[in-house]
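Please look over the sequence and the structure first.

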Amino acid sequence: MYPMHTKSLEERCQRILQDMEGSLTARDRVGIQDFVLLDTYTSETAFIDNLRKRFNENLIYTYIGTLLVSVNPYKELGIYTKKQMDIYMGVNFFELPPHIFALADNVYRTMISETNNHFILISGESGAGKTEASKKVLQFYAGSCPSTSLLEGVRDRLLLSNPVLEAFGNAKTLKNYNSSRFGKYMDIQFDHQGAAVGGHILSYLLEKSRVVHQNHGERNFHIFYQLIEGGEDELLRWLGLERNCQNYRYLIQGECAKVSSINDKSDWKTVQKALTIIEFSEKDIEHLFAIIASVLHLGNVPFEANAMSYARINSSAEIHWLSKLLGIPSNMLLEGLTHRKIEAYAEEVLSPFTVEHAKYARNALAKAIYGRTFSWLVNKINESLVNKDSTRKTVIGLLDIYGFEVFDVNSFEQFCINYCNEKLQQLFIELTLKSEQEEYEMEGIEWEAVPYFNNKIICDLVEEKHRGIISVLDEECLRPGEATDFTFLEKLEGKMSGHPHFVTHKLADQKTRKTLERGDFRLLHYAGEVTYSVVGFLDKNNDLLYRNIKEVVRQSKNTIIQHCFPAIEPDGKKRPETVATQFKSSLAGLTEILMSKEPWYVRCLKPNHCKQPGKPFTSHLWLAVLSAECFTRASDLSLTHLFSGLFDDVMVRHQVKYLGLMEHLRVRRAGFAYRRRYKVFLKRYKALCPDTWPHWKGTPAEGVQRLIKHLGYKPDEYKMGRTKIFIRHPRTLFATEDAFEVCKHELATRIQAKYKGYRGREEYQRQREAATKIETCWRGLQARKERERRAWAVKVIKKFIKGFMNRNQPVSMDNSEYLAFVRQSYLTRLKENLPKSVFDKSTWLTPPPIMQEASVHLHKLHTRLLVWKYVRGITAQRKTQLQIKALTSDLFKGKKENYPLSVCQPFADTRISEQDISIKVLQMICPEGIKYSVPVIKYDRNGFQPRFRQLIFTQAAAYLVEDAKVKQRVNYSSLKGVSVSNLSDNFLILHVACEDTKQKGDLVLQCNYLFEALTKMCVVTKNNNLVKVVQGSVRFDIQPGKEGFVDFKSSSEFMVYRAKNGHLMVESAGTKSR
């Protein structure tokens, strides 16, 4: 913003010049959004350059008047959100940057206001984005039209008809991973309120030959791969299919059954959901997929020649599945696929096929089944979209038709597609010229004739009766005798000789002949030359299905097949129309439909062959574009030039040519580049003239006249119509727009200053009055709140005191709230003071009387929780230790004085490592496996002399070892028991069964790890009853027939000595013992 009162006149002029220069520079950088405003509108180079600039700035849409040119960005731009949709709803067509939503909204609003029918023709070559454009239009109408629960069903079916038709009618080609292989015209019906209430779809020329043949790098229709990859295992078993596309001949001819960018599994789920919402019954879906599977089985039917060179089928597996899926007897299928029925002298004779004829018949049947099923599918979708209300409806049609196709080898399909484009181009030019001429006449502006190429001569070359290519082709298909593709070419050469748009090898000059094969003919279309190979023309045009095969198929139990091959189908004497004638009739019907509606156009372009996107797109760029005005928005943009996308000038130039964009631009620029209604023009530019700003009192036309006089328009630069102003040159408009940009800033500054002063004064008065009122109200409110708070406090205190006084009484109205408070208070305090360990027995809060019982239950529950947590935290090693300790407890708890001291001491796996045991001993006892070993003191049986020994437990016996010598081996089977005293000593006596005098007697041992050793011995021997705790003295056998005693008593200190009576005396020192 520039404050006018602080700048000198010279500074202001300099600023205006800088602003205008900046605006023009920005326009040069991002291009012009309407080609009609190109100064050099006749220059194809300027046209391409403007497209390139916009593509490199991710501006994929450009207008030619009301025609929308769309360049495929090959990436997500984020410009199709609900927010974007709302921005474009109800806005004047040229107020915002070009967008598919703007065109869709303008068509819709025009239909509503004028109550007439319209259509949007979307064209372009394969991969240019036609299908996506039609989806965006449907998306806009689905999101912007009035809706009810009933209408939402119609909307959903309209939207979901697309994935179904794409699955059955689209395929991967060399140019496009989702190429439509049929033409589609969809009518969307609207009621008087503008709500979408129904629809109807027409399909044109499905490429049935793709079912049986695909070129290298191409695929069959999507639905086959979706069924194989995404179908449930149970469904595939029922259909007799395997989850491997390589097993089916019809799916592998292009050698690219799997494509990384196509998710067949996900698409399968989408199709299944769509079929359900479009109201296909379970039976319909079952029969539909049975037909799809039968086509795959049909492609795998093998033929081989028999001894007479006739075809026979050498495998019954595929015939079995065909019979099951189609409900046709196997013998009838075998006969139909290997024989032809011929009428001879009023009799019918079966003539066997050769292998080649059998394959032809099989492929013809596959194409017929799939083609008719596709037609049934379209009709079924139409049934779900039908509007049962008989009141008058307005219609918007969407025509998504194949673009002009030129391949290395062009066949019958390309001929039909390019003929269709010729017809649409003819219609396009006629309707465009007609609309332009009508607008000029309506506005009283003199119409200037526009030179353009009239392609009627090419249309006549193709479709003229008796002389056109289609007529010659039909004659050759219908005539008796040996008609071939080359006889057809010869007839063409005879009839078309000398035609400026037709040439063959025979008719060409020497130079052109080098570029043509003998089986080629070349047509000079409006879009350029296309060379067609006649090979296959007759077969594809005939598309014959033998009568006896039809009779076989009519026996089917499949309801869809019954509908597609009705019993009353006239196929006897009268030959059905050829494909080319049917297509010609369909185009005539389509032309009639389109001529009855108002046309709108979307032309889709491919920027390159390799699907390379332009520079990265940011949401800031599009928001900046949206926030600016329509012509000079680029001046305020700050675009990040990271890199330019691939923009193939030659490729784009070719598309611009065959889409007729330059012709359309010349028509739109015939005389005047820009036209606007007076009211709209005056509303935008009235600030440029003091007489019209801020309010014009007279008519809009007079205001515009006053405005352009002030701006200094020359008489040859404009014309005044009845309702619009016509401006001849774009530069005139740009100069006006640039002046408006400068004026906007100055006006905004002045308006802002006035408005801020007014709002400031108003705001001050309002705030002062509001402050007084707020103070008054606030004081009153605070006083009322304080009174209410005190009254509430008195009531609560009274209740509390009364409850406290009656706290020991049964629950009543007087004490219920107090008791509830007591419960809550106790539970709150208990929550903060819960025992943290299962061993903590002292921290449980004393409950009030009312919570006594609840406290007991809570204590138990919490104890169980702590125990559970404790148990969960025990490791496997700790668990084993506890189990052994538990056994020790069973043996000694309450029986031996020093047992409590052992509880806290962990047990070890062994007390003597194998390195401390003699190798000789180890070699002797290792086979038995050492389980535990401990150092002990052994007291002699005679004299009780102490000697250091090692006590080793193995799996089979206990060993008493002295250095490298085993002093005694005690088998567990001969171990009668172990005696220990009840005092705090660490003595144990092993009682051994002695059978003769040579055997050694019982062992008297002293062990510092008494509890550990005895527990380990019980575990090893698996006998928990070995240990006996005794009082007083223990008798032991010195040898058979001779006994000794060990006496135990308490004393102040630990002592071991031989008493006078000859007994071994052990005095224990209370709890000091280990």
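Phe280 and Trp376 are both buried in this predicted model. Their rings form an edge-to-face pair. Phe280 sits in the loop between α9 (264–277) and α10 (282–299), while Trp376 belongs to helix α13 (residues 355–385), so the pair ties together parts 96 residues apart in sequence.

Phe488 and Phe537 are buried too. This pair is stacked, because the planes stand at 20° and under 30 degrees counts as stacked. Phe488 is in helix α17 (residues 485–496) and Phe537 in helix α19 (residues 537–542), so parts 49 residues apart in sequence are tied together.

| Ring pair | Centre to centre | Angle between planes |
|---|---|---|
| Phe280 and Trp376 | 5.9 Å | 80° |
| Phe488 and Phe537 | 5.9 Å | 20° |

The whole structure holds 32 aromatic pairs. Ring pairs also build a cluster of Phe412, Phe415, Phe488, Phe502, Phe521, Tyr532 and Phe537.

Charges sit over rings as well. Lys136 lies over the face of Tyr80, 4.5 Å from the ring centre. The charged end of Arg807 is over the ring of Phe804, at 4.0 Å from its centre.

Ser123 is in strand β3 (residues 118–123). Its relative accessible area is 4%, so Ser123 is buried. Beyond its neighbours within four places in sequence, its contacts include Lys130, Ile401 and Leu659.

β30 pairs with β31 (residues 1064–1068) in the antiparallel sense over four bridges. Met1055 stands opposite Glu1067 in β31.

Technical notes
Residues are numbered from 1 along each chain as its sequence is written. This is a predicted model: local features need pLDDT of at least 70, side-chain atom pairs count only at pLDDT 80 or more; totals for chains, interfaces and linings use all residues. Side-chain values use heavy atoms; hydrogens and water are left out. Two strands pair if DSSP finds at least two bridges between them. Helices (H or I, at least four residues) and strands (E, at least two) are DSSP runs, numbered from the N terminus. Buried means under 20% relative accessible area, exposed over 50%, partly exposed in between (1.4 Å probe, protein chains only). Contact means heavy atoms within 4.5 Å. Rings of Phe, Tyr and Trp (its six-membered ring) pair if their centres lie within 6.5 Å; planes under 30 degrees apart count as stacked, over 60 as edge-to-face and the rest as tilted. A charge sits over a ring if NZ of Lys or CZ of Arg is within 6 Å of the ring centre and within 35 degrees of the ring normal.
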